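Please look at the sequence and the model before reading on.

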Amino acid sequence: MFGDSREMILHYFLADDTIEIREVIPPNSGRDAAPVFLRRARLPKSAPESLRQPGEVTGRTVLNVFGPMGHGGRYILDSLKTGAVSTDYYRDSDLQIGAVLNVWGRKYVLCDCDEFTKEYYKTKYGLANFAPIKYKGDPAPRGGKQWPPYNGFGSEEDSLCSCMGLLPKPPRRDFVKFMERDRHGLDSNVLRYVARLDTTKPIDVDRRFIISYFLSDDTIAVFEPPQRNSGIIGGKFLERGRVKKPNQPRFSTTLSEYYLAADLYIGSRVDFNCHMFILTDADEYAFRYMEKNGHEFPVSDIGKVISKLKGFGQANVEQIADFFRRNDPENQGKVGYEQFRNLLVQIASNNLTEHEIITIARHFSDRQEEKVDLGVLVSIAQEQLRKDNFEIFGKLIESFVHQDTDGSGYIDPEQIRQVCHAFHVPIPDDLLRTIMSRMEMNEQGKVNYANLVRLLNWRENPISNVQYTQPPLSLDQTWTGNKPSEGIQYVCYAALMQTLFGEARQ
């Protein structure tokens with residue numbers, strides 16, 4: 001009517017050859033959503049037509065009437081229906097894609113059909129071409145929402161939420177990430193680094209800072225340890241919060257980028273509020289966390305670093321072998337870390353970061369993993385049991401005996417954890433797991449529960465001569481980096497050569 005296309009759905013009923021038409025009303029079109037556009041009925045092809053005279057359309061035709069009218073009269077019916085008015089209606093054979101239908105004076109074009117209709121016409125009429133007719137133009141490209149620029153009040157996320165509705169709502173925090181990466185027991189989920197200022201000023205060259213990255217909310221805190229006779233008062237250098245990356249417009253229509261955990265690694269240069277820092281060291285927890293989550297930290301992914309090193313080492317195989325031969329005259333298969341680092345810097349031409357070199361050195365290091373003495377662990381557990389006045393060791397051993405169905409004296413560690421949880425034993429789960437890993441086990445990996453209860457029984461077997469230092473549960477502001485004895489002393493180059501070139505070359 002107004003030049004726009006009207007989308008209809010035509011239903012043809014095979015039972016009685018009737019047709020029904022329903023209109024598809026798009027949202028916000030301004031039209032009333034009528035349930036039916038054309039009520040179900042037979043659709044004549046020549047409609048609309050003028051009205052017939054009375055008696056013109058009838059089921060019977062009388063040819064001749066003789067005799068008196070009324071009672072006793074005679075009439076003859078036309079069996080050939082001479083002069084009868086016939087109306088041609090639409091049938092299924094008239095409905096094809098591309099056909100134009102006359103719906104009471106309005107022209108409708110059939111553009112497409114469903115799968116059942118296609119299968120029906122393919123079976124009955126042998127049709128195979130059901131290409132639809134394009135009746136809609138390409139939709140106009142929708143422009144993305146352009147948010148107003150940041151106005152400087154509050155955080156960028158908070159200002160953006162005020163533009164999304166009449167009733168401003170605070171920005172949503174990622175509580176799942178917060179709960180997963182918040183402090184759990186001895187797992188702090190805080191990565192700490194040692195950093196220095198990238199400056200040539202004599203007063204700032206020797207200043208050292210502790211950068212703490214909190215994984216729970218991606219915030220950063222910077223602390224400067226006090227140094228005697230330095231003339232600088234140490235303490236909190238940067239309040240905990242998210243830090244923006246440099247060279248970003250302050251009042252922008254898009255959210256700013258912030259420093260993430262992957263941006264902090266040894267050797268990286270970071271700009272915190274116009275203060276340039278160079279990261280020089282990290283604590284053991286940060287190294288282990290990054291190596292455990294190598295998919296998030298490419299510089300700690302040993303597979304990627306080794307692949308990168310292979311590209312540099314293939315052309316310098318003889319040079320590398322000669323270097324190890326000269327620096328290991330006793331053929332012990334290991335060299336010092338500083339010598340190993342100088343070699344990688346030389347052959348990689350500064351294409352390896354300091355953290356990647358440390359990742360290789362840690363992976364092939366010669367140091368032994370130190371374990372906490374079992375007596376120290378048991379003393380911690382007994383101290384916790386003593387504080388909570390836990391003394392029902394008899395019932396605890398009875399429950400273990402009930403779980404020991406074969407009477408071997410050994411049960412599964414998971415069953416021990418379940419029993420301890422049922423009796424509310426006040427020992428942290430990670431500590432209990434560590435103690436069970438040091439206990440006597442059989443071939444099936446089951447634990448001798450009698451020895452475990454005997455060690456935990458602080459009444460009969462107290463352990464009081466073990467000196468233990470509680471690990472810090474808050475930010476250790478006195479940590480200024482790893483001691484030389486805590487670092488990597490030697491690197492097993494033989495294992496590295498085997499990994500790189502397939503043979504242990506001396």
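Phe 272 is buried, at 3% relative accessibility; buried means under 20% relative accessible area, exposed over 50%, and partly exposed in between, with a 1.4 Å probe and protein chains only. The model is predicted, with local features needing pLDDT of at least 70 and side-chain atom pairs pLDDT 80 or more, while totals for chains, interfaces and linings use all residues. Residues are numbered from 1 along each chain as its sequence is written, and side-chain values use heavy atoms, leaving out hydrogens and water.

**Aromatic pairs**

- The whole structure holds 14 aromatic pairs; rings of Phe, Tyr and Trp (its six-membered ring) pair if their centres lie within 6.5 Å, and planes under 30 degrees apart count as stacked, over 60 as edge-to-face and the rest as tilted.
- Tyr 259 and Phe 272 make an edge-to-face pair, with 5.3 Å between centres and 75° between planes.
- Tyr 259 is in the loop between E11 and E12 and Phe 272 is in strand E12, so their pair ties together parts 13 residues apart in sequence. Helices (H or I, at least four residues) and strands (E, at least two) are DSSP runs, numbered from the N terminus.
- Tyr 259 is also buried, at 7% relative accessibility.
- Tyr 285 and Tyr 289 are stacked, 6.3 Å centre to centre with 25° between the planes. They lie 4 residues apart in helix H5, about one helical turn.
- Tyr 285 is partly exposed at 23% relative accessible area, whereas Tyr 289 is buried at 12%.
- One aromatic cluster consists of Phe 209, Phe 237, Tyr 259, Phe 272 and Phe 277.

**Sheet with E8 to E13**

- An open antiparallel sheet has 6 strands in the order E11-E10-E9-E8-E13-E12; two strands pair if DSSP finds at least two bridges between them.
- Its edge strands, each pairing on one side only, are E11 (235–241) and E12 (269–272).
- Strands E8 (residues 190–197) and E9 (residues 208–214) run antiparallel and are joined by 7 bridges. Tyr 193 has Ile 211 in E9 as its bridge partner.
- Helix H5 (residues 284–292) packs on this sheet, touching E8 and strand E13 (275–282), and its direction makes about 115° with that of E8. Contact means heavy atoms within 4.5 Å; axes are lines fitted to C-alpha atoms, for helices over the stretch in contact, and angles run from 0 to 180 degrees between N-to-C directions.

**Sheet with E1 to E3**

- Another open antiparallel sheet has 3 strands, ordered E1-E2-E3.
- Strand E2 (residues 18–23) pairs with E3 over 2 bridges.
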